[in-house]
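Here are my notes on the model you sent. Please read them with the structure open.

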Amino acid sequence: MKARKAISPDSRAIAELTVQLGYSANVSEIGERLAKILPRDDCAVYVAEDDDGMIIGWIQTHASYVLESGFRAEIVGLVVAENARRQGVGRILVRCAEEWAGECDADVIVVRSNTKRRESHLFYPSLGFQPTKTQQVYRKKIVCGMNR
Ligand SMILES: CC(C)(COP(=O)(O)OP(=O)(O)OC[C@H]1O[C@@H](n2cnc3c(N)ncnc32)[C@H](O)[C@@H]1OP(=O)(O)O)[C@@H](O)C(=O)NCCC(=O)NCCS
């Protein structure tokens, strides 16, 4: 098994795994998003491949300046194929994200994970991540042209 930076042809496999993460995502949507994300310096997407070249996991990380906490990287998505879990794939993908964060000179790497993802709350602490707070996430649709 190995991890590498994602490329456009990975869209189908990433879309399939994204469904396992609980999001509805089709190949063209993921392809369009990847095309925007891959050229950016402030984001990185890595995939893990098994020995047959099948993609069995992906991770996305994003770096940003935050006034109150400085320059930080955030893991904004991570999933390992259900049939490939507990084999160290997630650990390798997080290591890629941490190395990328180090190359970016980020001070810290953070991740928010839904409380319902039971395994992730065993996974991150086992990799040295400390729980810092519990949040409610709010969401509002942006209507183009509003308030202009
Ligand atoms: C969380 C997730 C990414 C972990 O990936 P993984 O490849 O199975 O994790 P690893 O095999 O690298 O596990 C590393 C360590 O984490 C801990 N761990 C991971 N999954 C665990 C589980 N289900 N129960 C207990 N400990 C677990 C263990 O300490 C493990 O080391 P060990 O196997 O040597 O005991 C995977 O379960 C997943 O995709 N879950 C659904 C999506 C999700 O929750 N994503 C994170 C959202 S931010």
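1. α4 contributes 5 residues to the shell around the ligand, the largest share. This is a predicted model, and the points below should be read with that in mind. At least two shell residues each come from β4 (70-80), α3 (89-103) and α4 (120-126).

2. The ligand has 21 residues around it, of which L78, V80, R86, G88 and G90 come nearest. By class, the shell consists of 9 nonpolar, 6 polar and 6 charged residues.

3. A polar backbone atom of L78 is 2.8 Å from a ligand nitrogen. A ligand oxygen lies 2.9 Å from a backbone N or O atom of R91, and an oxygen of the ligand is 3.0 Å from a side-chain N or O atom of S126. The ligand taken alone exposes 910 Å², and the protein buries 81% of that.

4. Strand β2 (residues 43-49) is largely enclosed by the rest of the structure, because 7 of its 7 residues are buried. In a regular strand, side chains alternate between the two faces of the sheet. Both faces of β2 are covered: C43, V45, V47 and E49 are buried on one side, and A44, Y46 and A48 on the other.

5. β2 pairs with strand β1 (residues 2-5) in the antiparallel sense over 4 bridges, with K5 opposite Y46. β2 also runs antiparallel to strand β3 (residues 55-66), joined by 7 bridges; here W58 is the bridge partner of V47.

6. β2 and β3 form a hairpin with 5 residues between them. In the turn, G53 has a positive phi of about 85°.

Notes. Residues are numbered from 1 along each chain as its sequence is written. This is a predicted model: local features need pLDDT of at least 70, side-chain atom pairs count only at pLDDT 80 or more; totals for chains, interfaces and linings use all residues. Side-chain values use heavy atoms; hydrogens and water are left out. Buried means under 20% relative accessible area, exposed over 50%, partly exposed in between (1.4 Å probe, protein chains only). Two strands pair if DSSP finds at least two bridges between them. A residue is near a molecule or strand if one of its heavy atoms lies within 4 Å of it. A polar contact is a pair of N or O atoms within 3.5 Å; within protein, one must be able to donate a hydrogen and the other to accept it, and residues adjacent in sequence count only if both atoms are side-chain atoms. Accessible areas come from the Shrake-Rupley method with a 1.4 Å probe; for residues, only the protein chains shown count as cover. Ala, Val, Leu, Ile, Met, Phe, Trp, Tyr, Cys and Pro count as nonpolar, Asp, Glu, Lys and Arg as charged, and the others, Gly among them, as polar.
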